[in-house]
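Subject: Structure handover and findings

Hello,

Here is the structure I promised you. Please open it alongside this note, and then read on for what I found.

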Amino acid sequence: MGFLASGSMRQDYWYPNSDINVREGRFMKAIVYTRYGSPDVLQLKDVEKPAPRDNEVLVRVRAASVNAYDWHFLTADISLIRVMGAGLLRPKNPRLGADVAGQIEAVGRNVSQLRPGDEVFGDLAGHGNGSFAEYVTASENAFALKPANLSFEEAAAVPMAAVTALQGLRNEGHIQPGQKVLINGASGGVGTYAVQLAKYFGAEVTAICSTGNVDQARSLGADHVIDYTREDFTRSGGRYDLILAANGYHSLAAYKRALAPGGVYVMAGGTAAQIFQAMLLGSLMSITGSRKMGGVSARPTQEDLVFMKGLLEAGKVVPVIDRRYPLRETAEALRYLGEGHARGKVVITVGDPV
Ligand SMILES: NC(=O)c1ccc[n+]([C@@H]2O[C@H](COP(=O)([O-])OP(=O)(O)OC[C@H]3O[C@@H](n4cnc5c(N)ncnc54)[C@H](OP(=O)(O)O)[C@@H]3O)[C@@H](O)[C@H]2O)c1
């Protein structure tokens with residue numbers, strides 16, 4: 001991928017004798033970064049528009065959304081990211097952004113499921129990222145058809161957070177109708193989907209959030225809401241069959257205390273301490289007794305995107321969008337997410353709002 005400074009790009013664009021039509025189609029705007037750091041290191045640049053390989057589609061991005069995943073790649077706050085292939089000293093991939101919704105513009109010769117003009121949504125984690133841009137290419141498997149009743153902005157707010165909640169509750173938590181399910185961090189991206197999905201699966205849902213988000217949790221269907229600024233659910237005697245921890249912090253021992261016999265704890269995220277305790281001690285603490293302590297490492301699949309599309313079209317689940325930012329203000333969007341109190345999802349609009 002070639003990078004151009006905006007200034008030289010302008011000259012190319014307007015040079016009178018250039019093959020201007022070809023050139024106009026060759027470049028696009030994208031958010032890029034060449035060193036780890038705060039959102040200040042992000043730049044909006046003119047870069048070469050990608051071309052799809054044989055098994056890839058070229059998507060005109062209409063909207064993206066930001067996730068803690070992007071924050072980790074931006075800041076390398078979790079040092080593991082560096083050794084796991086993102087780049088030891090500086091990012092290998094200058095492009096950010098996983099969640100995306102847009103329109104297929106071109107397809108590679110081996111693409112069989114999607115056609116130019118199709119409206120899609122997807123998750124580019126594991127497919128090279130890059131949704132904070134006007135165009136992106138990825139394998140067709142990264143996408144599913146966009147829910148027909150959703151705008152591009154709403155669709156972009158779905159993939160990573162919703163699939164994490166789905167895989168946490170269903171694949172790891174083995175959620176069953178009638179179970180008492182608790183969602184800690186119920187007001188963020190993962191949590192707002194988790195509350196709605198747990199209701200869809202027939203559970204009795206307790207949502208944990210701060211005072212200002214109590215009404216939102218109720219409106220998403222939570223049967224009980226506990227304001228964590230007033231009450232510590234791990235000390236109030238409630239016992240749950242399944243706990244999904246999306247945010248905040250409690251020790252593993254405290255979570256275990258809040259599980260009913262046979263109950264399952266699934267860590268999706270939260271403070272670094274919460275994440276590392278679950279990773280390092282979860283299986284050890286599950287050896288004795290009937291309560292299981294584990295985590296979810298979400299793997300985006302087309303199948304789960306299609307599953308979510310069905311629920312969204314049926315109105316069983318709705319995306320909650322807190323704020324929208326234009327592409328050029330992606331740094332602001334990430335800064336807001338990094339403060340840790342987004343209510344639902346933060347969306348990037350590419351081009352006109354849609
Ligand atoms: N395991 C995986 O595969 C996977 C995939 C995606 C995300 N994740 C992780 O999941 C976590 C949540 O992601 P997200 O998208 O939901 O994040 P998010 O949208 O940024 O979460 C923000 C929400 O967290 C709530 N929160 C903050 N402090 C809290 C506390 N002490 N107790 C309860 N809630 C609190 C805030 O509500 P208040 O303002 O009310 O406090 C806010 O609504 C992140 O750590 C992310 O890295 C993991």
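Contact here means heavy atoms within 4.5 Å. By that cut-off, helix 6 meets helix 11 through P159, A162, V163, L166, Q167 and R170. On the helix 11 side the partners are D304, L305, F307 and M308. Please keep in mind that this is a predicted model.

**Helix 6 and its partners**

Two helices packed against helix 6 are worth a look. Start with helix 11, residues 302–313. The axes of helix 6 and helix 11 are 10 Å apart, at an angle of about 95°. Angles of 65 to 115 degrees count as roughly perpendicular, so helix 6 is roughly perpendicular to helix 11. Their contact holds seven nonpolar residues, one polar and two charged.

Now turn to helix 7, residues 189–200. Here the angle with helix 6 is about 50°, and the axes are 8 Å apart. That pair is therefore oblique. The crossing of helix 6 and helix 7 is right-handed.

Which residues make the contact between helix 6 and helix 7? Helix 6 contributes A161, A162, T164, A165, L166 and L169. Helix 7 contributes G189, V190, Y193, A194, L197 and A198. By class, this contact has ten nonpolar and two polar residues, with no charged ones.

**The cores**

In soluble globular proteins, nonpolar side chains tend to be buried together. The largest nonpolar core in this model has 48 residues. Which of them touch the most other members? They are L169, I183, Y193 and L197. Helix 6 supplies the largest share of this core, with six residues.

A second core is separate and has 37 residues. Among them are Y33, V100, V111 and L124.

**Helix 3**

Helix 3 covers residues 68–75. Its buried residues are Y69, D70, L74 and T75. What covers them? The cover includes strand 4 (56–66), helix 6 (159–172) and helix 12 (330–338).

Helix 3 and helix 12 cross at roughly 105°, and their axes come within 10 Å. These two helices are therefore roughly perpendicular to each other. From helix 3, the contact uses A68, D70, W71 and L74. From helix 12, it uses L334, R335, L337 and G338. The residues of this contact divide into five nonpolar, one polar and two charged.

Look just past the end of helix 3 as well. There A76 takes a positive phi of about 50°.

**Positive phi in two loops**

One is H174, in the loop between helix 6 and strand 9 (180–184). H174 is not a glycine, yet its phi is positive, at about 50°.

The other is N129, in the loop between strand 6 (119–123) and strand 7 (135–139). Its phi is near 55°, a positive value in a residue other than glycine. Is N129 buried or exposed? Buried means under 20% relative accessible area, and N129 has 8%, so N129 is buried.

**Pairs apart in sequence**

S139 lies in strand 7. Its relative accessible area is 13%, so S139 is buried as well. S139 and H127 are twelve residues apart in sequence. In space, their C-alpha atoms are 7.1 Å apart. Leaving out neighbours within four places in sequence, S139 is in contact with N55, E56 and H127.

T34 sits in the loop between strand 2 (27–32) and strand 3 (43–48). T34 and K92 are 58 residues apart in sequence, and 8.0 Å apart from C-alpha to C-alpha. Not counting residues up to four places away in sequence, T34 touches R90 and P91.

Best wishes

Definitions and conventions: Residues are numbered from 1 along each chain as its sequence is written. This is a predicted model: local features need pLDDT of at least 70, side-chain atom pairs count only at pLDDT 80 or more; totals for chains, interfaces and linings use all residues. Side-chain values use heavy atoms; hydrogens and water are left out. Buried means under 20% relative accessible area, exposed over 50%, partly exposed in between (1.4 Å probe, protein chains only). Helices (H or I, at least four residues) and strands (E, at least two) are DSSP runs, numbered from the N terminus. A nonpolar core is a set of buried Ala, Val, Leu, Ile, Met, Phe, Trp, Tyr and Cys residues joined through side-chain atoms within 4.5 Å. Axes are lines fitted to C-alpha atoms, for helices over the stretch in contact, and angles run from 0 to 180 degrees between N-to-C directions. Angles under 35 degrees count as roughly parallel, over 145 as roughly antiparallel, 65 to 115 as roughly perpendicular and the rest as oblique. A crossing is left-handed if the near helix is turned anticlockwise from the far one by less than a right angle, and right-handed if clockwise. Ala, Val, Leu, Ile, Met, Phe, Trp, Tyr, Cys and Pro count as nonpolar, Asp, Glu, Lys and Arg as charged, and the others, Gly among them, as polar.
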